[in-house]
Amino acid sequence: MQLKNNLKLKNCLSVAAVASAVALMSSPVQAEQWRGWNIHPPGYPNSEALESFAKEVAQKTDGRVEPKMYHNAVLGDQPDAIEQVRSGGLDFANFNMGPMGPIVPATNVLSLPFIFNSVDDMYRIMDGDIGDRFADALEEKNLIALSWFGSGARSLYNTEHPVETPDDVKGLKFRVMNNDLYVQMIDEMGGNATPMAYSEVYQSLKTGVIDGAENNYPSYESSGHYEVAKYYSLTEHLILPECLCVAKSSWEELSKEDQKAVRKAAENAAKEQRQLWEERVQKSRQIVLDSGVKINKVDSKSAFQEKMQPIYDEFIKQHPGLESLVHDIQAAQ
Ligand code: BDP
């Protein structure tokens, strides 16, 4: 009886082994589930483009990579998310180059106020050899930059009065993104700055913890900041590129062929984002105007630009190795 049972058990085991071997052979390779971070709400140009990226990646890799987007910074604020993608805890994201500065020093060049003359110059330069130099610097920190999104031009806004000259900045407290360069930037204009997470700005404006912040039209509108800070002044002091970045560890798990497909999807996403961006700028501008926001041009942009010279001087003194990058960008415009 004992022997018979043992035999039965043995048969069962071997049937199970064969069954699982067959299942292994016939089942497709395990799909990579990719988690993507995004700070913006659904419907924002970047969010739409990221959704298209996710769809195209799943399609073109025949489901070997299945990306899923998490919008609205539900997986953490930007500085945390950068660390998570660097360590492979998250697989991809759309990052602004502002909060990248403390981690990838070369990207601080992009945060030098007025470094780009226009959004078009920024696109042209980032799409060329200079953009590749930034991608190399990001890769050294485990981030694979596959394409560059735009984020327009950032301007100052506040709850008190229009800013027409640097003197109007005096006495105002502004929120800036997490980067000391921006604290210095507001300082040179005569104001005070405090780095703060994007998600905290609305409440801080409302309760008077800060008097203002700075951003492009679409973020000023989609974040609701325009409801509480009614003066938007066109300083256009920062034109920052953003990356569609993949974690190096996730990237290296892909075959060469899949890497090609993912890169192509990222390039298509950037094309879409840039186009949607243009439309959204107009739409957001109209929304804020309709709500009673006062938009003003500054008296003279060069008055603000001149104030930034000490930032350039100090930056080059501290990072002599980055001087050529600054000059190459300037020479390309
Ligand atoms: C938006 C950028 C986003 C930044 C945000 C901010 O797209 O990445 O986090 O500004 O000011 O324009 O924090």
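Reader: How many bridges join β5 to strand β9, and in which sense do the two run?

Author: Start with the general idea. Strands of a sheet pair through backbone hydrogen bonds, either parallel or antiparallel. Here four bridges join β5 to strand β9 (residues 231-238), and the two run antiparallel. Two strands count as paired if DSSP finds at least two bridges between them. This is a predicted model: local features need pLDDT of at least 70, side-chain atom pairs count only at pLDDT 80 or more, and totals for chains, interfaces and linings use all residues. Residues are numbered from 1 along each chain as its sequence is written.

Reader: What is the bridge partner of R154 in β9?

Author: R154 is partnered by L238 in β9. β5 also has four bridges to strand β8 (residues 212-215), again running antiparallel. There, L156 has E214 as its bridge partner.

Reader: Which way do the residues of β5 point?

Author: In a regular strand the side chains alternate between the two faces of the sheet. In β5, R154, L156 and N158 point one way, while S155 and Y157 point the other way.

Reader: Is strand β5 mostly covered or uncovered, and how many of its residues are buried?

Author: First the cut-offs. A residue is buried if 20 or more other C-beta atoms lie within 10 Å of its own, exposed if 12 or fewer, and partly exposed in between; C-beta atoms are placed from the backbone. Strand β5 (residues 154-158) is mostly covered, with five of its five residues buried. In the protein, buried residues make up 40% of the 333 residues.

Reader: How many helices and strands does the protein have?

Author: It has 13 helices and eleven strands. Helices (H or I, at least four residues) and strands (E, at least two) are DSSP runs, numbered from the N terminus.

Reader: What is the strand order in the open sheet of five strands?

Author: The order is β2-β1-β3-β10-β4, with mixed pairing. β2 (65-70) and β4 (143-149) are the edge strands, each pairing on one side only. From one strand to the next, the twist averages 25°.

Reader: Which helix packs on the sheet?

Author: Helix α10 (residues 256-290) does, touching β2, β4 and β10. Its direction makes about 30° with that of β4. Axes are lines fitted to C-alpha atoms, for helices over the stretch in contact, and angles run from 0 to 180 degrees between N-to-C directions. Two residues are in contact if their C-beta atoms, placed from the backbone, lie within 7 Å.

Reader: In which sense do β3 and β10 pair?

Author: Strand β3 (residues 92-96) and strand β10 (residues 242-247) pair in the antiparallel sense, over five bridges. N94 stands opposite L244 in β10.

Reader: How is the protein divided into domains?

Author: There are domain 1 (30-150 + 241-283) and domain 2 (154-239 + 292-331). These bounds come from an automatic or database domain assignment. The C-alpha centres of domain 1 and domain 2 lie 24 Å apart. Their contact takes 30 residues from domain 1 and 25 residues from domain 2.

Reader: By class, what does the side of domain 1 that touches domain 2 hold?

Author: It has 21 nonpolar, six polar and three charged residues. Ala, Val, Leu, Ile, Met, Phe, Trp, Tyr, Cys and Pro count as nonpolar, Asp, Glu, Lys and Arg as charged, and the others, Gly among them, as polar.

Reader: Why does the ligand lie between the domains?

Author: Look at who lines the shell. Domain 1 and domain 2 both give residues to the shell around the ligand, so the ligand lies between them. The residues around the ligand include I39, Q78, N96, Y198 and E242. A residue is near a molecule or strand if its C-beta atom, placed from the backbone, lies within 6 Å of it. By class, the shell has three nonpolar, six polar and one charged.

Reader: Where is I39 placed, and why does I39 count as buried?

Author: I39 sits in the loop between β1 (32-37) and α2 (45-60). I39 counts as buried because it has 27 C-beta neighbours inside 10 Å. Leaving aside neighbours within four places in sequence, I39 is in contact with A73, Q78 and Y198.
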